[in-house]
There are 2 protein chains.
Amino acid sequence: MSAPATTRRDIPDASVARLPGYLRALTALARNGIPSVSSEELATAAGVSSTMLRKDLSHLGSYGVRGVGYDVERLASEITSALGLTQDWPVAIVGMGNLGRALAAYRGFAERGFRVIALLDGDPRVVGDRVAGDVVRPMHDLPDLVVDHGLAIGVIATPSAGAQEACDDLVEAGVRSVLNFAPAVLSVPDGVVVRTVDLSTELQILAFHGQRVAAPEVVV
Amino acid sequence: MSAPATTRRDIPDASVARLPGYLRALTALARNGIPSVSSEELATAAGVSSTMLRKDLSHLGSYGVRGVGYDVERLASEITSALGLTQDWPVAIVGMGNLGRALAAYRGFAERGFRVIALLDGDPRVVGDRVAGDVVRPMHDLPDLVVDHGLAIGVIATPSAGAQEACDDLVEAGVRSVLNFAPAVLSVPDGVVVRTVDLSTELQILAFHGQRVAAPEVVV
DNA sequence: ACGTTCTTGTGAACCCCTGCACAAAGTCAC
DNA sequence: GTGACTTTGTGCAGGGGTTCACAAGAACGT
């Protein structure tokens, strides 16, 4: 056996994906001044079963009290720590089209521990524009952003054609996490994590489920 | 046993979620005039393993030729049919904030078989505005949209607080599929399918993976 | 015509995840 | 202090999804 390392290494991916939901529910409870919550209540608020919630939380440790429930503040703090949100994460948004500008103006990021420190675009005609109060910067600013501001997460909001190039620029500058909104498969070296969110894909999945219940005769 | 119904009922959810990716890759191949493709090539283009691709396609039927590969046009057509995209799906976007306006201006939907037929908002001060060439309509227009235009999919781009109400309006009007961008858990009756895409959740998952490899010392 | 080569389709093993059932542990009432 | 009650934490079984290994089938060269 090697070093024990940190204690929270082996959380299943499926659990990790649900933790943000629990954190959101806990934050809402805390805002309403509720000090304690049972697994049943919290599970309902997060849209999962209570068994699954308890199993997920058990991966973090034993922070509940049997017969009572969970301390809201404490549990929120533990999940925050497990997700690595004890400090803000600097984020850069690449691509100032419609979606990029909407993301730049979105205020929800700051509330969840993310700080948009730069807006970039590969098109020289867009560089220098003002978007949501910030000046759009050129792609070659990326290395400095990583070194000087600890930039760690890149959001790709470019058209599909420019996504791989934007991704390469991010990776080369040292960014290790990428959130991709372009409908494209990005290839990255080992150690870089990419999550792709594609609006059309989501709609197509809904279409599949929709056709199963919809009446077959739809007039065009 | 009841009626045999359609033949494509039992496709695993995990497979359905990957079909749009295959379709996207096939469309790109067709645009380049490539008539045939092997499972290995297509899998690489879609970012999955060739075994998984073949297993997924086997749920649709046997449309490949051993020793040769798949006919690009034919396979694209079969997937299009399986997903229920042989005709356009009318979509309505609810909530004309930053994100809603960006979605309204996005042209990618039309290319993938979706037609935005209405933009709506619950705020009377926004109703009547022009967004991307369309006039924003009030929520009580929903029932007519369902009856007259076959509206089937609703996209919720409202703030978190108004999401459940917007969802209730959609469901009451007869919409059976909802794509939710608000960071909220929506409760719907049986038969209604909801998919939630939350940007902050995606970033938080990235943060978790990022902290595992990042150097612990990050200067604030 | 036949063997070689290539690629698909699929049975089977494996692994992860979810749900069930229950023991462990704490609180409250008296 | 004791018993009843509540709720967590978890071993175990069941199911679904992914990967492995290989048989089935089609084209091509000789």
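User: Which residues come nearest to DNA strand D?
Analyst: This is a predicted model, in which local features need pLDDT of at least 70, side-chain atom pairs count only at pLDDT 80 or more, and totals for chains, interfaces and linings use all residues. Residues are numbered from 1 along each chain as its sequence is written, chains are lettered from A and ligands numbered from 1 in the order written, and side-chain values use heavy atoms, without hydrogens and water. A residue is near a strand if one of its heavy atoms lies within 4 Å of it. Among the 25 residues around DNA strand D, those that come nearest are Ser39(A), Arg54(A), Tyr70(A), Arg18(B) and Arg66(B).

User: What share of the atoms of DNA strand D within 4 Å of the protein do sugar and phosphate account for?
Analyst: One phosphate oxygen of DNA strand D is 3.0 Å from a polar backbone atom of Gly64(A). A polar contact is a pair of N or O atoms within 3.5 Å; within protein, one must be able to donate a hydrogen and the other to accept it, and residues adjacent in sequence count only if both atoms are side-chain atoms. Of the atoms of DNA strand D that come within 4 Å of the protein, sugar and phosphate account for 65%.

User: How far is a polar side-chain atom of Arg66(B) from a base nitrogen of DNA strand D?
Analyst: Arg66(B) is among the residues that come nearest to DNA strand D. Its side chain also has an N or O atom 3.1 Å from a base oxygen of DNA strand C. From the base nitrogen of DNA strand D, a polar side-chain atom of Arg66(B) lies 2.8 Å away.

User: How many of the eight residues of helix α5 of chain B are buried?
Analyst: Buried means under 20% relative accessible area, exposed over 50%, and partly exposed in between (1.4 Å probe, protein chains only). Leu99(B), Gly100(B), Ala102(B), Leu103(B), Ala104(B) and Ala105(B) are buried. Helix α5 (residues 98-105) of chain B is mostly covered, and its buried residues number six.

Key
Helices (H or I, at least four residues) and strands (E, at least two) are DSSP runs, numbered from the N terminus.
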